[in-house]
Amino acid sequence: MPTSPFIVPTVDISPYLAEGARAHNSAECARVAAELDTACREVGFVQIVGHRIPGATVDRLTRALDEFFGLPLETKKKYRRSSSENRGYSPPVSESLSMSLGVQSANRMNDFYEAFIVGTETTEYPDLDLPEASYATNIWPGDAPSFRSAVEEYFTHAQELARILLAAFTDALRVEPGYFDAMVDHSINALKMNNYALPEGEVAFDGDATGMGAHTDFGILTILWADQVPGLQILGSDNAWHDAQPADDALLINLGDAMARWTNDRWRSTVHRVNPPITDGQIIRRRSAAFFFDGNHDAVIEPLPGTVVDGEPGYPPITVAENIAAKVAGLKAGVKPTVALREAARVLSAR
Ligand SMILES: O=C(O)CCC(=O)C(=O)O
Ligand SMILES: [Fe+2]
């Protein structure tokens, strides 16, 4: 029997952006919330349109990525930071996303993407005594002069969109409006800009290499922009990998670990990976930018009331910072998480 095609549902989010939608009790918002609930239960990924991030902002971000990643490797390496900081430049083959789940890649190679990360800093909240470990100072590449302004512009838009999406998710989960506010009022947010390419002659290419290994995202929700080169794959509830190609002006939203923990897996922190196409031994270059809306470092994430049925295992409470630190230690330093993760079991049973 032919299997039905794998579809990442598309949701028009514009009713939540409309004037006066703060009260979001319109019939349109209710429809959007219901569509989000279905997508989050069944797929854990959703394409959103009507998001109002201007095309010009995305174009500037794309050019900024080209400007920075086009620099010589030795120049880019000036912008590396210590592995505990989750900021700045990560050269090709320096990280392994599947190790964030404690799963070694089949070929024991690190992922071949290179990346640059910026995020929320302590200085944004001068009245709070925030830990530098979670709110590390950004480094900006002076060798790519237009990078900072373009990235800050996109970051600001993505941050606003993430808060609107959380309001829609709050409705979709049928918890009271504002329920999550105290857990996101100094949210750690980060933008990871990825370039899947290997500069010729600079890094040895192994034909088995993985673009980005299987992982779940660490926070509440992710807003993912990707160019039109294929490569992203999602692990479906059928345990099979499926290609996911967002429409041209759509953004992909996916749920992270905090959402899975809150909902006791009613909503999935969906496992995904990236394998860009290889033609004649050459990788077709692909770019993406993942905006992670992670929540306050000290927010304790535990199942929402009513989500754990008698006798069913719930997730033990964990703070946002503890979850991120454990996963970043796997990703950047190969340190296996000390607890067995439900997500790891899913990766290991994938077909
Ligand atoms: O490149 C992509 O499409 C996905 C990137 C991603 O999953 C991540 O940065 O966490
Ligand atoms: Fe991801």
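The model is predicted: local features need pLDDT of at least 70, side-chain atom pairs count only at pLDDT 80 or more, and totals for chains, interfaces and linings use all residues. Residues are numbered from 1 along each chain as its sequence is written, while chains are lettered from A and ligands numbered from 1 in the order in which they are written.

Helix H1 covers residues 27–42. Helices (H or I, at least four residues) and strands (E, at least two) are DSSP runs, numbered from the N terminus. The 16 residues of H1 should span 22 Å at 1.5 Å a residue, and its end C-alpha atoms are 23 Å apart, which agrees; the expected span is 1.5 Å times one less than the number of residues. Val32, Ala33, Leu36, Ala39 and Cys40 are buried in H1. A residue is buried if 20 or more other C-beta atoms lie within 10 Å of its own, exposed if 12 or fewer, and partly exposed in between, with C-beta atoms placed from the backbone. Seen down the axis of H1, the buried residues fall within an arc of 130°, so they line one face of the helix; the arc is that of the directions from the helix axis to the C-beta atoms. These buried residues pack against strands E1 (10–12), E2 (45–49) and E10 (251–255) and against H4. Contact here means that the C-beta atoms of two residues, placed from the backbone, lie within 7 Å.

Helix H2 (residues 55–69) has 15 residues and reaches 21 Å between its first and last C-alpha, close to the 21 Å expected. Its buried residues are Leu61, Ala64, Leu65, Phe68 and Phe69. They fall within an arc of 115° seen down the axis of H2, so they line one face of the helix. The face turned away from that buried side carries the exposed residues Gly55, Ala56 and Asp59. Strand E4 (114–119), helix H4 (147–172), E5 and E14 are among what covers the buried residues of H2.

The largest nonpolar core has 95 residues, and Leu36 and Leu191 have the most contacts inside it. Such a core is a set of buried Ala, Val, Leu, Ile, Met, Phe, Trp, Tyr and Cys residues joined through C-beta atoms within 7 Å. H4 gives the most to this core, with 13 residues. Leucine 191 touches residues including Ile117, Val151, Phe155 and Phe291.

Ligand 1 is surrounded by Lys192, Asn194, Met212, Asp217, Leu224, Ala226, Leu232, His272, Val274, Ser288 and Ala290, each with its C-beta atom, placed from the backbone, within 6 Å of the ligand. Strands E5 (189–196), E7 (221–226), E11 (272–274) and E14 (286–293) each give two or more residues to this shell. The shell divides into 6 nonpolar, 3 polar and 2 charged residues.

Just after H6, glycine 334 takes a positive phi of about 70°.

Valine 347 is found in helix H7 (residues 342–348). Valine 347 is partly exposed, with 19 other C-beta atoms within 10 Å. Apart from residues up to four places away in sequence, valine 347 touches Ser98, Leu101, Val103, Ala214 and Val271.

Conventions:
Nonpolar A, V, L, I, M, F, W, Y, C, P; charged D, E, K, R; others polar.
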